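Subject: Structure for you to look at, with notes

Hello,

I am handing over the structure we spoke about, and I would be glad if you opened it and kept it beside you while reading my notes.

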Amino acid sequence: MAGRGKLIAVIGDEDTVTGFLLGGIGELNKNRHPNFLVVEKDTTINEIEDTFRSLGSVSGSVAEANPSQHDPPLWDEIDSWQFLNRDDIGIILINQYIAEMVRHALDAHQQSIPAVLEIPSKEHPYDAAKDSILRRARGMFTAEDLR
Amino acid sequence: MAALDLRAELDSLLLQLLGDLEELEGKRAVLNARVEEGWLSLAKARYAMGTKSVGPLQYASHMEPQVCLQASEAQEGLQKFKVVRSGVHAPEDVGPREGALRRRKGPTKTPVPQSSDAPRDPLNWFGILVPHSLRQAQASFRDGLQLAADIASLQNRIDWGRSQLQGLQEKLKQLEPGAA
């Protein structure tokens with residue numbers, strides 16, 4: 001894996017995830033957790049946050065409405081599935097409307113790897129005012145700094 | 001004198017940051033356009049193949065990534081990303097390998113087909129003969145991935161520049177406490 005490079009993960013709606021998987025970023029085998037999450041209308045905010053930090057669903061790529069029906073995974077397993085804590089993920093693509101649901105988690109992420117990239121969705125166009133990176137950049141300058 | 005040098009460095013950094021922000025905005029607009037083209041193509045493919053024919057039900061149970069990232073550290077704390085595509089083979093050399101006469105009789109050695117380590121094309125998940133719109137969708141999202149890597153590199157550069165700017169501003173305040 002060290003020779004192969006880092007992966008691109010995606011958290012998004014069905015079309016976004018299908019499209020980027022068509023592009024060739026998907027990874028799924030018997031031993032590894034998938035590097036993508038399809039967010040459906042039944043997906044809760046906690047599940048998205050869990051995926052972003054620690055995946056809560058055992059069954060894999062599509063977040064289920066009732067993950068509590070499965071046996072709760074061991075905390076060690078959850079740690080190994082965290083997109084942020086996986087050292088093999090370089091970029092996380094996330095629809096901006098989903099990013100809004102877990103904005104606190106995104107704002108808390110300060111590391112350069114994995115880089116988090118907000119992308120629009122079909123129903124929600126991209127809004128630069130909501131982007132975490134651009135909001136930080138906007139707060140760079142104050143009136144005193146420019147004197 | 002040190003303050004002057006610091007101010008010059010601050011100005012240079014600020015100009016670079018503003019340039020990076022402008023470039024980021026431009027690349028974002030192109031990425032958004034590519035992704036929208038991809039959705040439209042996916043919708044056309046879904047219209048041609050059926051509503052349930054293009055979606056998570058068709059995802060393979062085993063996936064190998066065709067696209068990976070190479071992360072390199074240009075300066076301390078500054079990460080740069082580059083998209084690397086796997087499964088790209090060099091073109092075969094066609095023609096006689098030796099200049100000598102060839103034997104026309106005798107057992108001929110048939111070339112053993114090399115097992116390809118290239119990952120399977122995700123287009124094959126959706127069938128053997130897929131509509132052109134699905135290929136167009138794949139092309140759009142592939143372009144989007146290259147742009148995503150560029151945007152991620154730019155975002156890292158902007159974050160890095162921001163931290164450098166804050167550091168220089170702090171140093172300047174210490175040198176010129178009255179100026180602040």
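Below are notes on how two chains meet, followed by a few local details.

Please keep in mind that this is a predicted model, in which local features need pLDDT of at least 70 and side-chain atom pairs count only at pLDDT 80 or more, while totals for chains, interfaces and linings use all residues. Residues are numbered from 1 along each chain as its sequence is written, chains are lettered from A and ligands numbered from 1 in the order in which they are written, and side-chain values use heavy atoms, with hydrogens and water left out.

I begin with the interface. Counting a contact wherever heavy atoms lie within 4.5 Å, 52 residues of chain B are in contact with 48 residues of chain A. The size of an interface is often given as the accessible area lost when the parts come together; here the two chains bury about 4300 Å² between them, with 68% of it on carbon and sulfur atoms (accessible area taken with a 1.4 Å probe and the loss summed over both parts). Of the area that chain B buries against chain A, B:Trp39, B:Met63 and B:Leu69 supply 16%, which is more than any other three residues.

Between chain B and chain A there are 3 salt bridges, a salt bridge being a side-chain nitrogen of Lys or Arg within 4 Å of a carboxyl oxygen of Asp or Glu. B:Arg46 forms a salt bridge with A:Glu14, and their closest N and O atoms are 3.9 Å apart. On the side of chain B that touches chain A, the elements giving two or more residues are α1 (2-49), β1 (67-75), β2 (78-85) and α2 of chain B (helices are DSSP runs of H or I with at least four residues, strands are runs of E with at least two, and both are numbered from the N terminus). The most comes from α2(B), with 17 residues.

Helix α1 (residues 14-22) of chain A meets two helices of chain B, as the next contacts show. Its axis and that of α2 (residues 132-175) of chain B come within 7 Å and cross at roughly 85 degrees, which makes the two helices roughly perpendicular (axes are lines fitted to C-alpha atoms, for helices over the stretch in contact, and angles run from 0 to 180 degrees between N-to-C directions; under 35 degrees counts as roughly parallel, over 145 as roughly antiparallel, 65 to 115 as roughly perpendicular and the rest as oblique). Among the residues that meet there are A:Phe20 and A:Leu22 in α1(A) and B:Phe141 and B:Leu145 in α2(B).

Within chain B, B:Asp20 forms a salt bridge with B:Arg157, the closest N and O atoms being 2.5 Å apart. Because B:Asp20 lies in helix α1 and B:Arg157 in helix α2 of chain B, the pair ties together parts that are 137 residues apart in sequence.

Two loops complete my notes. B:Gln58 is found in the loop between α1 and β1 of chain B, and a polar atom of its side chain lies 2.9 Å from the backbone nitrogen of B:Gly55. In chain A, the peptide bond from A:Ile113 to A:Pro114 is cis, with omega near -5 degrees, and A:Pro114 lies in the loop between α5 (103-108) and β4 (115-119).

Best wishes

Conventions. A polar contact is a pair of N or O atoms within 3.5 Å; within protein, one must be able to donate a hydrogen and the other to accept it, and residues adjacent in sequence count only if both atoms are side-chain atoms.
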